[in-house]
Amino acid sequence: MSRAADVMQGTLDLLILKSLSLMPMHGWGVSNRIQQLSRDAFQIGQGSLYPALYRLEKKGWVRSDWRTTENNREAKYYDLTAAGKRALGAEVDSWRTFVSAVEMVLETSA
Amino acid sequence: MPGIRRFVLWARALVARRKVDEELTREMRFHLEMEVEKNISAGMSPDDARRRALVDFGGVQRFREEVHDERRGLSGLGLDVRHLVRSLRASPLFALIAILTIALGIGITTAVVSIVDHVLVRGLPFRDSGRLVMMLERDEGGDMRTPSAPTAGDWQDDPGVARAFEGLTFIRGDGMRVAIGEATETLGTAFVAPEFFRLIGVRPPHGRLLSADDHRADAPRVAVMSYRIWKRRFGADPGIIGRTISVDSVPTTIVGLLPPGAEYPGFAELWIPVAHYRHQQVLARRGLHADSRTIARLRPGVDSASAAAAMRDIGTRLGTEYPPEQGGWLPAMQPLRNEIIGNVQPMLLTLTGAAIAVLLLVCANVASLLLARLTRGPVSSRSATRSAPLGVGSSHSS
């Protein structure tokens, strides 16, 4: 069962970066992993996934190359670059800052 | 060699583009297959699995195109143009209909505008033809008549008239028997005053126009000929200049031609000095004078209303001086163009408005057709709701 949740574009980058930091993966693998890790909260379709990957590659945060999967098929694998690892750290920090700021406001409202 | 180098770069870009395209295709196909497998192992039938997987495919095609375009460095207008060309190529019938519709609208508008331009804007082949007016007289009942030669003469001498007009001239029309080869024909002839050709402002394509000397009563008989009669009855003979023909039994030398379309008055094929007109007593009579024209050229910045006002004084004065012939008749005027083609201005302006309306309708039509196509979009709208939650957005903004 899927549940739609509104997340912004920057957050998608964050999820992808995190997912790739665990292990290099092809596009489908990334979306599948995010779905699993989020317990089905996030279902990322090709229409969002690949533009995001392309964007990250253009920024120099990921690189790609073609490899063979375990089932002997050709797939394009993505991997974090050094810049990408640094970017992941920065993104996580700004996310946490954002979340705690929202929490602060929510706690004080009557 | 610069040509070769450019060709190599272009060929390389073409190959690179195809490579990028292929790669994307392979990547998407892999993703699709993995998705189908996942659906099958989740318990769906192969058909359902495939259909479900394809639903997600929505924004991908657009993404692929955008990747291509970004790699080629296009953005903004260039991007939109390429999108347009691509989608039109995908449905040639629609493209054909749209193009034909627009062509129709443009064709109609162009035809109408060119007519209007020719008739209203360009007008007669005279210098600044918009300022030429035909002088008339009008009584209290609204009847119009052409003024006589003496009246025109009085007008010419009046300072009020001189303020409004650069010049004013009288033309007497008559039919002259002219021998052309074996036959004799009656040709319309305009007997004109010395200032006539200068007033209308025209240049002869061949020969010359009447000069001041030609207008002397004892001068040799000469005439200017119309272009159309020269072509029609004189075989466009280049030797026409200097040739002598018999006009009303008087040997007359043709000294020049008027340019095509410059026949004023419309009936005239020959222009002869009025001093050589046989029936001078007609020209001395006051009152109504049929077979005549009086034309004038407005000064720059003067419109017909203020010109008519300037002439009111002389008009009333002549009315009191010559009550039977001039009593109650005041000067009036009409643009020369109206005499020649009638008052087509309102009709032509309406036609222009209609043509523009047609063009606007055509554009609105095509625009709405395009919009309908766009909102229908690729595949289905369900893909939009699925990919929306994680912020698809067009990568135009990025």
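Modeller: In α3(A), the buried residues are Q46(A), G47(A), S48(A), L49(A), Y50(A), P51(A), A52(A), L53(A), Y54(A), R55(A) and L56(A). Buried stands for under 20% relative accessible area, exposed for over 50%, and partly exposed for what lies in between, with a 1.4 Å probe and protein chains only. The model is predicted: local features need pLDDT of at least 70 and side-chain atom pairs pLDDT 80 or more, while totals for chains, interfaces and linings use all residues. Residues are numbered from 1 along each chain as its sequence is written, chains are lettered from A and ligands numbered from 1 in the order written, and side-chain values use heavy atoms, without hydrogens and water.

The helix is mostly covered, with 11 of its 14 residues buried. Helices here are DSSP runs of H or I with at least four residues, strands are runs of E with at least two, and both are numbered from the N terminus. α3(A) covers residues 46–59 and reaches 20 Å from its first C-alpha to its last, close to the 20 Å expected at 1.5 Å a residue. That expected span is 1.5 Å times one less than the number of residues. After the helix comes G60(A), which has a positive phi near 85°.

A salt bridge requires a side-chain nitrogen of Lys or Arg within 4 Å of a carboxyl oxygen of Asp or Glu. D13(A) counts as buried because its relative accessibility is 6%. R55(A) also counts as buried, because its relative accessibility is 13%. Over all chains, a search of the whole structure finds 27 salt bridges.

Next, the rest of chain A. It has 4 helices and 3 strands, which run α-β-α-α-β-β-α from the N terminus on. Of its 110 residues, 45% are buried. Among contacts in chain A with a separation of 6 or more, 50% are between residues 24 or more positions apart; a contact means heavy atoms within 4.5 Å.

Helix α2(A), residues 27–37, is likewise mostly covered, with 9 of its 11 residues buried. Those buried residues include W28(A), V30(A), R33(A) and I34(A). Just after α2(A), R39(A) has a positive phi of about 55°.

The strands of chain A form an open sheet of 3, in the order β1-β3-β2, with antiparallel pairing. β1 (25–26) and β2 (62–68) stand at the edges with a single partner strand each, so one side of each has no neighbour in the sheet. Strands pair if DSSP finds at least two bridges between them. β1(A) is joined to β3 (residues 74–80) of chain A by 2 bridges, and H26(A) has Y77(A) in β3(A) as its bridge partner.

W95(A), F98(A), V99(A), V102(A) and L106(A) make up a nonpolar surface patch with about 430 Å² of accessible area together. Patch members have over 30% relative accessible area and no salt bridge; like charges are joined within 9 Å, and nonpolar side chains (Val, Leu, Ile, Met, Phe, Trp, Tyr) within 5 Å. L106(A) lies in helix α4 (residues 82–108) of chain A and counts as exposed because its relative accessibility is 55%.

D248(B) pairs with R278(B), and the closest N and O atoms are 2.9 Å apart. D248(B) is in the loop between β6 and β7 of chain B, and R278(B) is in the loop between β8 (270–273) and α10 (280–284), 30 residues apart. D248(B) counts as partly exposed because its relative accessibility is 22%, while R278(B) is exposed, with a relative accessible area of 52%. Elsewhere, salt bridges that share partners join K76(A), K19(B), E23(B) and E27(B) into one network.

Notes. Accessible areas come from the Shrake-Rupley method with a 1.4 Å probe; for residues, only the protein chains shown count as cover.
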